[in-house]
Amino acid sequence: MLFLFVWETHYVYRTFIYTGMMRGGSERRFPLPLALMAFVFNCLNGYANGYHLFGAGGLYPSPWIYDPRFILGLLMFFSGMMIHVESDRRLRRLRRRHETTYAVPRGGLFELVSAPNYFGEILQWTGWAVATWSLAGLAFAVFTAANLLPRGIAHHRWYRNTYESYPEKRKAVIPFVL
Ligand SMILES: NC(=O)c1ccc[n+]([C@@H]2O[C@H](COP(=O)([O-])OP(=O)(O)OC[C@H]3O[C@@H](n4cnc5c(N)ncnc54)[C@H](OP(=O)(O)O)[C@@H]3O)[C@@H](O)[C@H]2O)c1
């Protein structure tokens, strides 16, 4: 039940809070195949993680909450969540309602990387993999990185090509590394 609560903190934010607070791009279209792929991914991923937590049964004895993997994993999860929620907020403030223009994001982890929202999300699901110490959690972390790393690198390239004065030292997704 603790894991379910942790999982739901993310999905309540992403589904109800984040979408309700988005600004701009009212005429922007979102490709249907991408929405379908996201739907299929979330069905499979939700099933795999749910099956691991509940279907397989009895995997976590009570002392698991004192296990260093559980504690470290939850620290990573909530640090990652704070990073991506805060980065989402900074991106949102770059826009007025119904605008579609872009600007160079500043402040917070944007001083180190172009896509701290993606970095936070990757850290979060890596933390989930550590806390659950499961194949399902690991698969989620790997697929999140496989999705968001190339996307973050593409955003980074776009910023560099578009803004001549784009901060030289800023990396793409992982601070000081990539
Ligand atoms: N776990 C996963 O696999 C997964 C997958 C996808 C997304 N996510 C998460 O979902 C969240 C949103 O992802 P995303 O790919 O939509 O993020 P994004 O491309 O960075 O865009 C987020 C919002 O900010 C706006 N925006 C981005 N850069 C901007 C700039 N320079 N100036 C002004 N506005 C800007 C975007 O407008 P436009 O839409 O008009 O560009 C969009 O409304 C992130 O926190 C991400 O980590 C997670």
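The expected span of a helix is 1.5 Å times one less than its number of residues. Keep that handy for the exercises below, which all work on a predicted model.

**Exercise 1.** Work out how the reach of helix 5 compares with its expected span.

*Solution.* Start with the boundaries: helix 5 covers residues 135-162, which makes 28 residues. At 1.5 Å a residue, a span of 40 Å is expected. Now go from the first C-alpha to the last: helix 5 reaches 40 Å, close to that expectation.

**Exercise 2.** Find which residues of helix 5 are buried, and what covers them.

*Solution.* First, the cut-off: a residue is buried if 20 or more other C-beta atoms lie within 10 Å of its own. In helix 5, Gly137, Phe140, Thr144, Leu148 and Gly152 pass that test. Next, look at what sits over them: the cover includes helix 2 (32-55) and helix 4.

**Exercise 3.** Describe helix 4 by its reach, its burial and what comes just after.

*Solution.* Helix 4 runs over residues 116-132, 17 residues in total, and reaches 24 Å, close to the 24 Å expected. For burial, 17 of the 17 residues of helix 4 are buried, so this helix is largely enclosed by the rest of the structure. Across the protein, by comparison, 22% of the 178 residues count as buried. Then step just past the end of helix 4: Trp133 takes a positive phi of about 45°.

**Exercise 4.** Decide how helix 1 and helix 3 are oriented, and name the residues that make the contact.

*Solution.* Take the geometry first: helix 1 and helix 3 (residues 68-92) pack at an angle of about 0°, with axes 12 Å apart. Angles under 35 degrees count as roughly parallel, and helix 1 and helix 3 are therefore roughly parallel to each other. On the helix 1 side, the contact uses Val6, His10, Tyr13, Tyr18 and Met21. Helix 3 brings Leu74, Phe77, Met81, Val85, Asp88 and Arg92.

Conventions. Residues numbered from 1 in each chain as written. Predicted model: local features only at pLDDT ≥ 70, side-chain atom pairs only at ≥ 80, totals over all residues. Helix = DSSP H or I, 4+ residues; strand = E, 2+ residues; numbered from the N terminus. Buried ≥ 20, exposed ≤ 12 C-beta atoms within 10 Å, placed from the backbone. Axes fitted to C-alpha atoms, helices over the stretch in contact; angles between N-to-C directions. Parallel < 35°, antiparallel > 145°, perpendicular 65-115°, else oblique. Contact = placed C-beta atoms within 7 Å.
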